[in-house]
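Thanks for asking me to look this one over with you. Here are my notes, as numbered points, to read alongside the structure.

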Amino acid sequence: FLERQWTDGLPIVPPTEQRVQAMLATVPGEPTTSLGQVPPLYAEATLEKLAINAVMAGCRPDYFPVIVAAVRAMLRAPFNLYGIQATTHPVAPLLVVHGPIARRLRVHGGSGAFGPGFHANATIGRAIRLILMNIGGAWPGGRDRATHGSPAKFSYCMTENTEASPWPEFHTSRGFGPDDSAVTVFGGEAPHNVNDHESSDPVRFLDIVADAMAQLGHNNWYIAQDGFNNFAVVLSPEHAALIAGAGWTRYDVQRYLFVQASRPVSVLRRGGMWDMRDWPAWMEAMARDPEARISVVRRPDDILVFVAG
């Protein structure tokens, strides 16, 4: 498997026919049913191929519906999977599992949620990576052009800490009910820590978060207007309690960060992609005004606020 480049460099579980059939038994459809073509190779993502990679990753069969749902989401045009797969940027799809299925599968959202030690997180995230490599053809140095890559490309999956969160689960803010199971897919870098041990009010704390979001080196400034960008802000339970204790909702956090995580055009011109920008028509006048402030995202809803850790 290593010699044929069918794995991510780590040992795999051999995808025997019995194991693959156990995966397929958890979802409707024939093994040859395709969810679509996975770029940049554009091979068909059949249920059988997905199941083979899920077995290789070490998944249990009851994890498979989450993997299928995540692949369906990633293949939708707004996710821009081709861009994520083939870019020089170290981006990786993050899965956030919501609702009863997250609890049933024991997807972890507590301490160390992005780290090792949790079977569902590790193997579901790894299955997605193997699918992107084996079906999508995104091998490092080949169709995957990431300059440095990222440890998030091995496995990137979590859930929210619902017991410690002061707000309803994130998926309820997107039209799902609290008893619905869902998965969010987000193209992001590996986690970037925001350090604050002193704030006692939401404004001071969120100003620090906004400053971390507004650093000049990230891509969002220059692709922020094409509809493909988002920011994920993962709050610890302690900081979420601080914010909610002052009466702030999740949407209040989104609106505040939308305004504060901005920089003037005169500063953005010093960035590394300004002359490559492709502003839409409605942004042209603003982009010509050196004093105009541009946010890192197009609208507040593009800031995804989770509570975990």
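1. A word on angles before we start: each axis is a line fitted to C-alpha atoms, for a helix over the stretch in contact, and an angle between N-to-C directions can run from 0 to 180 degrees. Please also keep in mind that this is a predicted model.

2. Let's begin with helix 7 (residues 202-213) and helix 10 (residues 250-260), whose axes are 9 Å apart and which pack at an angle of about 55 degrees. Angles of 65 to 115 degrees would count as roughly perpendicular and those under 35 as roughly parallel, so helix 7 and helix 10 are oblique to each other. Their crossing is right-handed.

3. Which residues make that contact of helix 7 with helix 10? Helix 7 brings Val 203, Leu 206, Asp 207, Val 209, Ala 210 and Met 213, and these meet Val 253, Tyr 256, Leu 257 and Gln 260 of helix 10. Sorted by class, the contact of helix 7 with helix 10 has eight nonpolar residues, one polar and one charged.

4. Helix 9 holds Glu 238. Is Glu 238 buried or exposed? Its relative accessibility is 66%, so Glu 238 counts as exposed. Between Glu 238 and Gln 254 there are 18 Å from C-alpha to C-alpha, for a separation of 16 residues along the chain.

5. Now to the open sheet, in which three strands follow the order 4-3-5 with mixed pairing. Strand 4 (157-159) and strand 5 (182-188) are the edge strands, each pairing on one side only. On average, and ignoring direction, neighbouring strands of this sheet are turned by 25 degrees against each other.

6. Strand 3 (residues 92-98) and strand 5 pair in the antiparallel sense, over seven bridges. If you want a spot to check in your viewer, Leu 95 has Val 185 in strand 5 as its bridge partner.

7. Helices lie across this sheet too. Helix 3 (residues 64-74) lies across strand 3 and strand 5, at about 50 degrees to strand 5. Helix 6 (residues 119-134) lies across strand 3 and strand 4, at about 140 degrees to strand 3.

8. Helix 6 also packs with helix 2 (residues 47-57), at an angle of about 130 degrees and with the axes 8 Å apart. At that angle helix 2 and helix 6 are therefore oblique to each other, and their crossing is right-handed. From helix 2, Leu 50, Asn 53, Ala 54, Met 56 and Ala 57 meet Thr 123, Arg 126, Ala 127, Leu 130, Ile 131 and Asn 134 of helix 6. The classes in the contact of helix 2 with helix 6 are seven nonpolar, three polar and one charged.

9. Strand 1 (residues 34-38) and strand 2 (residues 43-46) pair in the antiparallel sense over three bridges, with Ser 34 opposite Thr 46 of strand 2. Their hairpin has four residues between the strands, and Tyr 42 takes a positive phi near 65 degrees there.

10. Why does Leu 81 count as buried? The relative accessible area of Leu 81 is 5%, and buried means under 20%. Leaving aside neighbours within four places in sequence, Leu 81 is in contact with Val 38, Pro 39, Met 74, Leu 75 and Leu 132. Asp 302 is 221 residues from Leu 81 in sequence, and their C-alpha atoms are 17 Å apart in space.

How values were computed: Residues are numbered from 1 along each chain as its sequence is written. This is a predicted model: local features need pLDDT of at least 70, side-chain atom pairs count only at pLDDT 80 or more; totals for chains, interfaces and linings use all residues. Side-chain values use heavy atoms; hydrogens and water are left out. Helices (H or I, at least four residues) and strands (E, at least two) are DSSP runs, numbered from the N terminus. Angles under 35 degrees count as roughly parallel, over 145 as roughly antiparallel, 65 to 115 as roughly perpendicular and the rest as oblique. A crossing is left-handed if the near helix is turned anticlockwise from the far one by less than a right angle, and right-handed if clockwise. Contact means heavy atoms within 4.5 Å. Ala, Val, Leu, Ile, Met, Phe, Trp, Tyr, Cys and Pro count as nonpolar, Asp, Glu, Lys and Arg as charged, and the others, Gly among them, as polar. Two strands pair if DSSP finds at least two bridges between them. Buried means under 20% relative accessible area, exposed over 50%, partly exposed in between (1.4 Å probe, protein chains only).
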